[in-house]
Amino acid sequence: MKDNDPVLSCKGLRKNFGSKKVLDGLDFEAAPGEVIGILGRNGSGKSTLFKVVLDLIAPDSGSVSALGLAPDGSGKLRGLIGYVPEKPSFHGFMTVEEVLAFRASFFPGWDKAKAAGLCKTLGLDGGAKAGDLSKGTAAKLAWVCASAHNPKLLLLDEPTSGLDYLVRDHILNGLISELAEGGRTIIISNHRMGEMGGLLDRVCVLKGGKISADHKADFIKTETYKVTLREETPPAEEPGVKIISRAGSVSELAVFGREKLQELKNSERISGAEISVLDLDSAFKALLGE
Amino acid sequence: MKNLIKLQLKKSFLSFAVILAAILFSVPLALWVKAAAMTPREAINLAMLYWAAAGIPLVVLILSGIAGAEAAKEQARTTEQPLPVSQYGLLLSSLAAVLLELGVLILAVYAILGFNLPLETLSKIQEEILRLYIFAMVYLTLYGFVFSYAFGNGIAGAMTGAAAVAFTLYPFVTMSVFQQLAFELVPMLFIKPAVSAAALAGGALALKLLSGVNDRKAAWTASKLTAVVMLLAAAPLASFASLAWLNLKARNVTLPVTRMFASPYAVDKHLYASRDIKEASRLLLVQRPFYGDAFFIDKEGNRSMIDAGRKIPGPGLSYLFPDLTFANAESVFAPSGVRYLLYMPQAGGNRIMQGNAKTGFAFRAAVKNGWSMDLLGGKEPGILHRRDDGYYYSPLTPEKAGLNWRQISTIKEGYLTFLGEKYRREGTAAVFRKDGKTLEYRGRRWTIPGAAGTRLPVPGIELADGMNFIVPAEINKKAVTYLCRPNGKAELIWPEYFRLTQNLSLTPDGAVWGVGIKSLQSYGSPAVKIINPEFYILTAEGTPLSAVNTRGIMERTGVTNGEIRLLKAGGGYLWFNADNRYMVRAGIKNMEDLKIWRLPAVPRKRGYYYARAGAVSPSPDGIFVAATDGVYFMDWEGSSKKIY
């Protein structure tokens, strides 16, 4: 694998569960060092995409290449990828230390000192039984497991789901930042992408089994506008324009991109409107509906 | 993989430990509840028998059922599958853990038995059962696991697995028992590994396909579903197919109908039965045990039905094992051209039949206890019957139907005097004078030094020059055999002891032969002892041959068990039946001058009787071979044809 080659490349991925199309010709690439948010509604296929990349699920068609390897059912790929599942699970009869020792035996690049350091940072008690861990503590342990073997690619599936504020903060401002700064490629799926906004380089929207939108994070942060109009007949939705709300004659629109905004202005369809930069949460919501 | 297996063992440690403890606890328990008549060792053995026969199979089903069902659960997916090993590898590790536990349980039982099965020696069938047991346990583990994984339910999976194993083993066991007790018709040496491989590989491959669907969420396709079903059904189907094959093979098996305990030698009564051996041997009485029918057949394949047998309903396949029925019979050929038959079918009454190949055979009389009867040939054929109160005799004449019994002696007196009288009356025996050394026949006398004379007449043999008599004698404390020729000379023919009614046989061409067995170290491995028969032969022309060594035949045919019999002697050659596998022609002057013909495969039982009781029957023109697939006739030049 060359330095500039994508760390992850998915081409034409299709996966059906029965008659339900979950992935429908999905194309996706991640460059080295990129932090990408995958945005999608429940059941949109985010976890399925991760499992295909991890070689846990076989696609019906299409190809995947991650870190120069293609999924072959052998599980080798999982040795190179750090993965934090949405619901981490461990053998309840093992202690935290045993879990780490057990995992260490499968990952050649396992860094014991790093694992111990992370445990200390996260306040994990090595003697605690995995079966007794709270959701938050289990999530921390999952983080240690995902990062202790120094993977170049991390897949984080709803990594903060169900966690309290302090743990989320710990993870977001501590771990992900640290990993991202280390030049790793990180792909994150999260319902609350707003809280990750500062970390992301790109945001991809997974809809209808495909990547329906792919934007630079800066674009979302700086070029997504809220347009508030007081008109009986506001502009209809179109590519780059999404109605956020409508109450009587007051409508709120999300407009993506400076050019689109200028186009609306030039066409005098938003004359007299109040224009401001859209906050991240609202921007992601709008993206989901885009 | 090692770490995964350790993990799986750790997961099931509690259940396994409880079961192991139960096995260990059953030792003091057995001692506590044992019957007073039992020794402590017997009580422990009994407890271990329970574990081996019922406990361990049940435990294996439970352990494999739990392991299989757990492997299918979401918990296993989320906990173990993210590890960098194949999902199939995870399943195999779980299966390997159960197999290891099975091994430990068996080892525990074996250790409690003192690493020694409580049997003095293992019979072939017991050895077979032991091997089968180990295979069955492994098979049960695999299929219990696979089905439990497929259903995601340990109980349903274990039950289905047990059913699959039972369906495979049932024909397997019946075939093994049949082949041990009856005939080897299908190659179990090939079938056993094939079915075992189908069972083990089928289960393992089906598990891989199921893993693809269950774990990797690959779509079910018709071809995948068919493949899984076929892989899991391969072993039971192969096993049943083998049993069906055995059934089909058993249909065509032919056996000569003889007396079960007939001696291969021309002993007293049977000597009489075989006096007209030349004519008698032109027909072979054959039975088909699968159908229970019996018929005489000649070298052209013409048949005369003796017993129509039974009707086989439907396809006639028996899934216990082929239901065979055997008949016994004895026949004599009278100078009148009539053949008499004492026929004793397994089903139906014993009966005397008479007739010939041209007109067929008819019922003459029903008899009871045919086992204690013997036909006597000669000028006046008859039937001898041993009853509780003495020996009875009835002549057999074509004119008179039924039987006309009269007592000839008490049990204590025996029948030999009567037989001797019959020989003498018919002019086929000589008698010793009172000196015990001079033999007399129709005015001719032979004086034999050291003759082992008896008060009984000496049956003669008809050679080219007339009636000859074979007399054993002792010279210088060494046993020898004389031939009293019609020209009045007594000639020492063999430096060994032979007597016609004890250790000599007759061939249809009139030759007389006996065997001196020599055990030799093998020509191959020195550790293997082979039996090398040396033949003592008197050809129909009257030429005596001594210590004819068959080592060359054994080397060329690979027969090491001494099962070599003379078929014909004449024209400068000897014809042998080598272990019912080859007909061999050897030059009298040069026993290395061999011509060998392979015989059709004959039903071969492992026991003594069927291996030698006349699957190959000589006749004047060649040999009948009652083979596994019909009856063949091979002439003396080795030209063979299937006649039935």
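Two residues are taken to be in contact if their C-beta atoms, placed from the backbone, lie within 7 Å. By this criterion, in the predicted model, the contact between the two chains involves 23 residues of chain A and 17 residues of chain B. On the side of chain A that touches chain B, eleven residues are nonpolar, eight are polar and four are charged.

Chain B contains 15 helices and 31 strands. Its radius of gyration is 33 Å, whereas the globule rule gives 26 Å for 644 residues; chain B is therefore more spread out than a compact globule. Along the principal axes, the C-alpha atoms of chain B fill a box of roughly 110 × 55 × 55 Å. Buried residues make up 42% of the 644 residues of chain B. Among the contacts in chain B with a separation of 6 or more, 57% are between residues 24 or more positions apart.

Helix α12 of chain B spans residues 416-425, and its buried residues are B:Leu419, B:Lys422 and B:Tyr423. Viewed down the axis of α12(B), these buried residues fall within an arc of 100°, and they therefore line one face of the helix. In general, an α-helix has 3.6 residues a turn, so residues three or four places apart point the same way. After α12(B) comes B:Gly427, which has a positive phi, near 70°.

Definitions and conventions
Residues are numbered from 1 along each chain as its sequence is written. Chains are lettered from A and ligands numbered from 1 in the order in which they are written. This is a predicted model: local features need pLDDT of at least 70, side-chain atom pairs count only at pLDDT 80 or more; totals for chains, interfaces and linings use all residues. Helices (H or I, at least four residues) and strands (E, at least two) are DSSP runs, numbered from the N terminus. The radius of gyration is taken over C-alpha atoms; the globule rule is 2.2 Å times the number of residues to the power 0.38. A residue is buried if 20 or more other C-beta atoms lie within 10 Å of its own, exposed if 12 or fewer, and partly exposed in between; C-beta atoms are placed from the backbone. Ala, Val, Leu, Ile, Met, Phe, Trp, Tyr, Cys and Pro count as nonpolar, Asp, Glu, Lys and Arg as charged, and the others, Gly among them, as polar. The arc is that of the directions from the helix axis to the C-beta atoms.
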